[in-house]
Amino acid sequence: MWATVAALDTIDKRATRCIQRLELYAAVDYILAAGGFSFGWKGTVGIVLPSVFFFGGRDMFFFTILSAMLGQIFCRPIKKLTHRTRPDYSKRIPRAWNLYGKIREASSDGYSFPSGDAMSGGAVAGSLIHATGSWWWLALAVYPSFGRVYWHYHYIGDVLSGAGLGLAAAAINAQIFGTRPVAGVEVTACLVLFVAFMKFTASPPPKEKAN
């Protein structure tokens, strides 16, 4: 079993390196940059979810929030259990746009597997597929997934698993709620439980070294 896992890990890293070695035009770097940061915590809360509310309305907004929260509940414990380190950031290819430097892996969501950004993209994509019936929204899962690999923050296996968790979270919510709108009180109750979960599973801040 562990030999199989090791073999898959080797294949994953070699395939990932092929993407990370790509040197594209500067204009493409700028286009891909949005996929590299828009589905993180700040991007999801500040850009993605408000866009869903503006273009899709309250019902789609509520459903997407629940999918993103459920996906994160799946994602964080796996990160803490696997402790997979991220790609070596020092070996990254210089890009036209630098995102935000190396990620501290000791943070609550710092480990590599699975990708939280890809999970967020999958949750949003799955929610929009449920609301519209169009599978074209899968592009919202692919876009951040490729960006996270291209910008040297994840392996391919990380983003595939993350996007899968997000899509699964949306599918579970679709089974629970069906076609009926999600009530505001349901979102509020889930949000309270989600915040409690995030605080309970948060990693302690690193200790300062004595002088």
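Reader: What should I know before I start?

Author: Residues are numbered from 1 along each chain as its sequence is written. The model is predicted, so local features need pLDDT of at least 70 and side-chain atom pairs count only at pLDDT 80 or more, while totals for chains, interfaces and linings use all residues, and side-chain values use heavy atoms, leaving out hydrogens and water.

Reader: Is Ala131 buried, partly exposed or exposed?

Author: Buried means under 20% relative accessible area, exposed over 50%, and partly exposed in between, with a 1.4 Å probe and protein chains only. Ala131 has 44% relative accessibility, so Ala131 counts as partly exposed. The C-alpha atoms of Ala131 and Glu23 are 37 Å apart, and these residues are separated by 108 residues along the chain.

Reader: And how do I find empty space inside?

Author: Rolling a probe the size of a water molecule over the atoms shows where empty space is left. A cavity is a set of points, on a 1 Å grid over the protein atoms alone, where a 1.4 Å probe fits but cannot get out; lining residues have an atom within 4 Å of a point. Its volume is the space filled by probe spheres set on the points, which are joined across faces, edges and corners.

Reader: How many cavities of 30 Å³ or more are there in the whole structure?

Author: The search finds one. The largest cavity has a volume of about 90 Å³. Twelve residues line this cavity, and Tyr89, Arg92, Ile93, Arg95 and Trp151 lie nearest its centre.

Notes: 1 Å grid on protein atoms, 1.4 Å probe; cavity = no way out; pocket = protein on both sides within 12 Å on 5 of 7 lines; lining within 4 Å.
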